[in-house]
Amino acid sequence: MTNSLDETQRAARDQFESRSTSYGKSHILADVADVGAALDALTFPKAGRGLDVATGGGHTAAYLSGRGLEVTASDIAPSMVDNAVKLAAERGFTITGAVHTAEILPYEDSSFCVVSCRVAAHHFSSPPAFVKEVSRVLEPGGWFLLIDGSIPDDEPEARQWIHDVEKLRDPSHGAFLTPGDWRQLIEASGMEVIRCETTPFKQPDLEWYFETAATSPENREAVRELIEKAPDSALQVFQIEREGERIVWWWPRLTLLAKKPGNLNLP
């Protein structure tokens, strides 16, 4: 670890260190079709370098390696990094693991042609610091891919509801930012937003949601109560419904692709 951790970072490290084995091949994030949809059409330099921040199970890092990049998979939880390196090796790729926070990236300026962060930024203690660091370590012309849960810009009630739910389900949760929030941070860092859209992403069911985070019994009951009393705005934004005995909902999943001004040295 290259820097000391604040309270939010410690909570994220401890949570994901304890749950690292649940993020393997069978995890919902093992399907990287969303990553491919955003990056398949892009051309990267020969021997280009990629950085996957908060790599989790390493699925996005493996995708980048498969594109021919020299990949660093970083995470705040050492076990996540170990598992990501193993996953890549099983697929015939060699990636470098690194343990550090998202808010301070221990790399020189202009080190990577692509930086990715997938379904993790809502745990970060300082999204502004993270975005600033991404811009710094990207090469001119480099790409930043962010995928995360989000909330519409004009839905404050639903935003507060999902925040309350997520903090109970997983106390290491920070906050879901709106597309407008992310756009403002990225443009302030000097990058240009090329694509910014949300699409519905179905969660398997409430019990899976609990098991993934090892939610305590008392917090599970509190979440169920929040669902029973969910305001109309939350019911509409998250499409909360019952399928038999199962409670399901849909995340607004944000895909944001940004570019640092300049041109990559392409083949």
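Leu146 stands opposite Leu256 of strand β9. In this predicted model, strand β5 (residues 138–149) and strand β9 (residues 250–259) run antiparallel and are joined by seven bridges. Both strands belong to an open sheet of seven strands, whose order is β3-β2-β1-β4-β5-β9-β6 and whose pairing is mixed. The edges of the sheet are formed by β3 (96–99) and β6 (192–202), each of which pairs on one side only. From one strand to the next, the twist averages 15°.

Helix α3 packs on this sheet and touches β1, β2 and β4. The direction of α3 makes about 150° with that of β4. Seven of the eight residues of α3 (residues 59–66) are buried, and the helix is therefore largely enclosed by the rest of the structure. The buried set consists of His59, Thr60, Ala61, Ala62, Tyr63, Leu64 and Ser65. These residues pack against strands β1 (49–53), β2 (70–75) and β4 (112–118), and also against helices α2 (33–39) and α4 (78–90). Just after α3, a positive phi of about 95° is adopted by Gly68.

Electrostatic pairing was examined next. Side chains of opposite charge can pair when their charged atoms come close. A total of 18 salt bridges is counted in the model. One of them joins the side chains of Arg13 and Asp14, with an N to O distance of 3.0 Å. Arg13 is partly exposed at 27% relative accessibility, and Asp14 is likewise classed as partly exposed, at 43%.

A network of salt bridges links Glu207, Glu211, Arg220, Glu221 and Arg224. Within this group, Glu207 forms a salt bridge with Arg224, and the closest N and O atoms are 2.9 Å apart. This pair links distant parts of the chain, since Glu207 lies in helix α8 (residues 206–213) and Arg224 in helix α9 (residues 217–228), 17 residues apart. Glu207 has a relative accessibility of 36% and counts as partly exposed; Arg224, at 25%, is also partly exposed.

The side chains of Arg220 and Glu211 meet in a further salt bridge of the model, at 3.0 Å from N to O. Arg220 has a relative accessibility of 14% and, because this value falls under the 20% cut-off, counts as buried.

Definitions and conventions
Residues are numbered from 1 along each chain as its sequence is written. This is a predicted model: local features need pLDDT of at least 70, side-chain atom pairs count only at pLDDT 80 or more; totals for chains, interfaces and linings use all residues. Side-chain values use heavy atoms; hydrogens and water are left out. Buried means under 20% relative accessible area, exposed over 50%, partly exposed in between (1.4 Å probe, protein chains only). Helices (H or I, at least four residues) and strands (E, at least two) are DSSP runs, numbered from the N terminus. Contact means heavy atoms within 4.5 Å. Two strands pair if DSSP finds at least two bridges between them. Axes are lines fitted to C-alpha atoms, for helices over the stretch in contact, and angles run from 0 to 180 degrees between N-to-C directions. A salt bridge is a side-chain nitrogen of Lys or Arg within 4 Å of a carboxyl oxygen of Asp or Glu.
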